[in-house]
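This report describes selected local features of one protein chain.

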Amino acid sequence: MGQVAWRALCLSLFDYKTEKYVIAKNKKVGILYRVVQLSIMAYVVGWVFVARKGYQEVDASIQSSVITKVKGVAFTNSSGMGERLWDVADYVVPPQGESVFFVMTNLIVTPNQWQSTCPESAGIPDALCYHQSDCPRGEAVIAGNGVKTGRCVKEGSSRSGTCEILAWCPLEEKKSRPKKPLLANAENFTVYIKNSIRFPRFKFSKTNVLETKDGNYLKGCRYGPEHPYCPIFPLGDLVRWAGSDFQEMASEGGVIGIQIEWNCDLDRAPSHCNPQYSFTRLDNRFAAKSISSGYNFRFAKYYRDASGVDFRTLIKAYGIRFDVMVNGKAGKFNIIPTIINVGSGLALMGAGAFFCDLVLLYLLRKSNFYRGKKYEEVRKPLPESNVNGNQSSDSLSRLDQLRSMQTIET
């Protein structure tokens, strides 16, 4: 490559090249182009910027703390337990309120259990025996209540029996739960749910409790449209808002999800950042005959007699478990996402023009005519060996070059 060629290459770096626009007098394509433009503008303005607030920086890493406190008392008079007053320490598990708490509404009680030996329940397959060898000493009963002692206990002349075990005796009776919940009045109990949230990126904090100096406000208010910042909820309302009947659910137990959603636009005043509550039943409520329906577990209360021997009362508790779940995000204006979304909108405008070009150049009947107007063919110049050719051919070649190449030099 000679010096002339290198010089031409270097000078071409400072040339400015611009696009050539061809105006096509075609109303169909013109209308299509304007419709595409309006659609893109409506999407960018309406959806990206207005609905999705694409001009904001978003913080979804919400930090949350939940404190719960149940209040209410109930009086019962049953054949198994007699007259008894129930307060929070009796029916709330665990006693220290967190984001998950359980309210006992029904129970089966097995009182006065002592550590001694007794026959295992006949309903345990691993406890069935015919000989003493079927009950190896020290072996735990699978899905049972204790450890085998080595004896096979039979009643009367029966050929089979059950293994004797070391356990808390007498064993829990396999009886059905009461159809009517023992703590039916728990429907009127209330729960105080205090939720504190923080968005660390914006250093913004807030709670779902009304900021007031009135010390009696929380004693009389209940959550509702008139008191959106009163975090006190009747248990019956929570179950009803989840679409269930409290008395039915209290009998067999269940799980209620309390969802607190914080969606905060920090370009507005903090008073516009409000919690939104939703309530859902989470257990398998539709499988009435399923062995996994409802919610229950066992716990015991321990005592000691005058001689220093421990005994206990076993309780199989049915009730409602409440799971408090907190989600949210906050947004605030930031120039970076604004520029990104504006650039994306402009790129979509270019995609609309590209689509209309495809229609104009390939899908219309006169597509060949439009392609001929849009694209120009640049012919290769004659080689140097033909410089001494006839004058007429050289003139024609230069005329073709002038027609096919249009440049602006300054």
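In this predicted model, strand 6 (residues 100-119) gives the most to the lining of the second largest pocket, contributing five residues. The pocket holds about 400 Å³ of space. It is lined by 20 residues, and those closest to its centre are Gly 80, Ile 108, Val 109, Thr 110 and Lys 175. Sorted by class, the lining comprises nine nonpolar, five polar and six charged residues.

In general terms, a disulfide is a covalent bond between the sulfur atoms of two cysteines. The model has five disulfides under a cut-off of 2.5 Å between cysteine sulfur atoms. One of them pairs Cys 118 with Cys 169, with the sulfur atoms 2.0 Å apart. The torsion about this S-S bond is about -75 degrees, and the disulfide is therefore left-handed.

Pro 170 itself belongs to the loop between strand 9 and strand 10 (190-199). Elsewhere, Lys 53 has a positive phi although it is not a glycine. Lys 53 is situated in the loop between helix 2 (27-51) and strand 1 (56-59). The torsion angles discussed here are collected below.

| Site | Torsion | Value |
|---|---|---|
| Cys 118 and Cys 169 | about the S-S bond | about -75 degrees |
| Lys 53 | phi | about 50 degrees |

The last topic is helix packing. Two packed helices are described by the angle between their axes and the distance between the axes. For helix 7 (residues 335-363) and helix 8 (residues 367-374), the angle is about 120 degrees and the axes are 6 Å apart. Because of that angle, helix 7 is oblique to helix 8. On the helix 7 side, the contact is made by Asp 357, Leu 360, Leu 361 and Tyr 362. Helix 8 supplies Ser 367, Tyr 370, Arg 371 and Lys 374. By class, this contact has four nonpolar, one polar and three charged residues.

Terms used. Residues are numbered from 1 along each chain as its sequence is written. This is a predicted model: local features need pLDDT of at least 70, side-chain atom pairs count only at pLDDT 80 or more; totals for chains, interfaces and linings use all residues. Side-chain values use heavy atoms; hydrogens and water are left out. Axes are lines fitted to C-alpha atoms, for helices over the stretch in contact, and angles run from 0 to 180 degrees between N-to-C directions. Helices (H or I, at least four residues) and strands (E, at least two) are DSSP runs, numbered from the N terminus. Angles under 35 degrees count as roughly parallel, over 145 as roughly antiparallel, 65 to 115 as roughly perpendicular and the rest as oblique. Contact means heavy atoms within 4.5 Å. Ala, Val, Leu, Ile, Met, Phe, Trp, Tyr, Cys and Pro count as nonpolar, Asp, Glu, Lys and Arg as charged, and the others, Gly among them, as polar. On a 1 Å grid over the protein atoms alone, a cavity is a set of points where a 1.4 Å probe fits but cannot get out, and a pocket is an open set with protein on both sides within 12 Å along at least five of seven lines; lining residues have an atom within 4 Å of a point. Grid points are joined across faces, edges and corners, and a volume is the space filled by probe spheres set on the points.
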